[in-house]
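Here are my notes after going through the entry you sent. Have a look at it first, then read on.

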Amino acid sequence: MPDHDLLAEYKRREFLQLLGSGAALTLPVQLGAAETLVRVRLERDGTVLALTGKVDMGQGARTLLTQCVAEELRVPAGKVRLLMGDTAAVPDDGGTWASLTTPETVPIMRAAAAKVRGGAVTPPSEWKVLGRSTPNVNGRAIVTGALRYASDLKEDGMWHGVILRPPSYHGSLVAVDASKAAALPEVKVVREGEFLGVAAPTRERAAEAARLIEAQWKEQPLPALEEMFTLFRQKAAAPVENNETRYPPLIRQGDAGTALAAAARRNQSSYTLAPVSHVPLETRSAIASFGGDGSLTIRTGKQAPFLIRGEVAKALGIEETKVRLIVSEIGGGFGSKQRADVEIEAARLARACGRTVRVHWSRAEEFVWSAPRPAALIEIESGVDANGRLSAWRHRNYNAGAPGLKLPYSIPHHSNEFWRTPAPLRQGSYRSLAATGNNFARESHIDEWAHLLKRDPLEFRLANIEDSRLKEALEKAAALFGWKGPKPGVGLACNLEKNARLALFVELDAAGKEVKVRRMAGVGDFGAALNPSNLQAQFEGALIQGLGGALFERFAFDARTEISRSLADYRLPRFSDLPEIKVEIIDRRDIPAAGAGESPITLPAPAIAAALFTLTGERKRALPLLG
Amino acid sequence: MARFELTVNGRRHKIDAPPEATLLDVLRDSLGLTGTKYGCGEGLCGACTVLIGGKAAPSCVTPAASVAGRAVTTIEGLAAGGKPHPVQQAFLEKEAFQCGYCTPGMILEAVDLLKKTPKPTDSAIRGAFEGHICRCGSHPRIIEAVRLAAQRSNRA
């Protein structure tokens, strides 16, 4: 189909006469019952402006949504200007999380752009842009250092804020003597309840003032990790069935209790995960400025502009409509940048000193004051029938969450449960949420069965899976890896998570002082591969990040002293840890695309644990595996 | 306040900075060169990497005053006359980045490596980048980009 000259096409219609020849061409787009907004707009200079509340933190949303518009409007991607994450200008597309951009926002953007063109959404068989590897639209800016992230932004007359925090993990502010700090020229100390901060024209002066503030905190004790697991069992509440929520906390079929009692053979194991830190390479930063009319503008690199705008408004006691939040480029998120924190700090200081204030967290603050992935205790009890087929399965996740509870295996009687419990650590969203823990436990348990029954772990899985796409992913991954049956140092894992079918085979190298992963071969079926190159990058990137959580990442803590505060005491994957990685995508053009930003991270831990078992004969059920 | 001169990307600058100011602070705050990033402030992540006298160095643990009289190159100074440096071009072609925050540091480290070792082995590449974190997991493509840049400069 030849490219249209869109401007010519519109001139043929009546709009131009209605709007006047000097006007930008704007078509309101009716989306859903109540929504009428301009999401895609043809500009006079021949470019296209498109709007989304989603943001990009490296996962490729900008390029993907640009592709959607370019495809439907038959323009080169370079002609599309995508405005992301400015609450004053874009629709609320929800937070950028839960791998939703691809399944939800892509169709919305395609429909909006197609409507402007005046035709139906383009079918995959006619795609010219979607389905093709498209480079990151910010690539040139990235390699030249021109791309500006939240912590790179600056405003005239901006002051710098430093927040005072307790030396212990939890602490409440008891007493403050800020007299020495307040005596410095151009320094403003702000105390509002538990909040204690200082702002000054330069970072150095703010830091100096902070050092001069004497604050006393009442420490609150913190149990050790092992004690937390006991606490979880004691205090957890059984789930209430609710299938209307995104992550149902109770997924059941048949009668697991009876089926367990009737099983020919049973197995029961407990698995635990330590908390891990996100360690985005860019620590969070926000600039807050108040206008003369009391309106507040925040510039920050966060994943959920509208949610955070609301949280800031509430914390400051301002109407939400008076707050504008503008998301900048983000140096890594992984789930850690979804809630208001540094924005509220900057806004409090800005309000108190009547100036624009920037707060930029140090790496230590990023470790201690952001919310790690929750610690998890997972108990699985299961049974097989006389034919060695899985007949009963009860999976109980304490504390970490419901994501990933759904079984990829077909087991007639099952109960998969999330038991919520109070937790003494800060905890929050982390790439794939509880699915990493749930898949580690489930796949480890499957591997235990394969060994108990003396079956090939690939064959055992295939015998208990009905989903043909998952079976194909497993078989393709086996071929990619060169699987020839069980062998020392080799392990596998699979998952069906957020509509992605995934399989991973790993081989360990145990020759050296420390166990290393020598190679990984993974296959993913995400439906249509809308940007194959980016999809591959997400798959590889999630595998590499997952390696860390599998082998050595652990957010360490006790009440006061042994807290991970520095890269010197938090090990994460580096170039020397990199295995050879082969990844293959099964591209099913006619199946709506699933998100891929999270699910692959659920594979490394159980595959590596299974491989480790073949070498040592000792089953490790706690992450990180190397202690 | 300390006063000294710095040569950055071929230009001389008169700097007025607190004595404890790091080179990273001066580059970003005094000179507005934000391509060099803060990642940890301890020299453990590589995001702050610049070239000092052509050699890769962590600017976050380098006192600014100690660099007086030496040539500093930041990511902004690599492209000669608007044309991307071969390493930048290789990173672009291999899409060796996701969020891009680690990229300036990676590129400068690669420039240093290829000057010292024009034909690095994969093992040498990994070794050179051990001090650099990429949390997004672009390691495989970063290695490919360095290999591509090496191949091209060896053909030239």
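The points below cover the chain A and chain B interface, then the cysteines.

1. A reminder before anything else: this is a predicted model.

2. The interface first. On the chain B side 48 residues make contact with 54 residues of chain A. Putting the two chains together buries about 4300 Å², and carbon and sulfur atoms supply 54% of that area. In chain B, the residues that lose the most area to chain A are B:Gln98, B:Tyr101 and B:Arg135, which together make up 19% of what that side buries.

3. Now the polar side of things. I'd note 26 residue pairs in polar contact between chain B and chain A, both partners being at pLDDT 80 or more. The rule also finds five salt bridges across this interface. One to look at joins A:Asp152 and B:Arg28, with the closest N and O atoms 2.8 Å apart.

4. Which elements of chain B give two or more residues to the side that touches chain A? They are helices H1 (23–30), H2 (86–94), H3 (103–116) and H5 (139–155). H5(B) gives the most, with five residues. By type, the residues on that side of chain B split into 23 nonpolar, 13 polar and twelve charged.

5. On the cysteines: a search of the whole structure turns up zero disulfides over all chains. B:Cys102 has its closest cysteine sulfur in B:Cys134, but the two sulfurs are 4.0 Å apart, so that is too far for a bond. B:Cys102 counts as buried because its relative accessibility is 7%. Over in chain A, A:Cys494 is buried as well, at 0% relative accessibility.

How values were computed:
Residues numbered from 1 in each chain as written. Chains lettered and ligands numbered in written order. Predicted model: local features only at pLDDT ≥ 70, side-chain atom pairs only at ≥ 80, totals over all residues. Heavy atoms only, no water. Disulfide = S-S within 2.5 Å. Buried < 20%, exposed > 50% of the residue type's maximum accessible area, 1.4 Å probe, protein only. Contact = heavy atoms within 4.5 Å. Buried area = accessible area lost by both parts, 1.4 Å probe. Salt bridge = Lys/Arg side-chain N within 4 Å of Asp/Glu carboxyl O. Polar contact = N/O pair within 3.5 Å; in protein donor to acceptor, adjacent residues only side chain to side chain. Helix = DSSP H or I, 4+ residues; strand = E, 2+ residues; numbered from the N terminus. Nonpolar A, V, L, I, M, F, W, Y, C, P; charged D, E, K, R; others polar.
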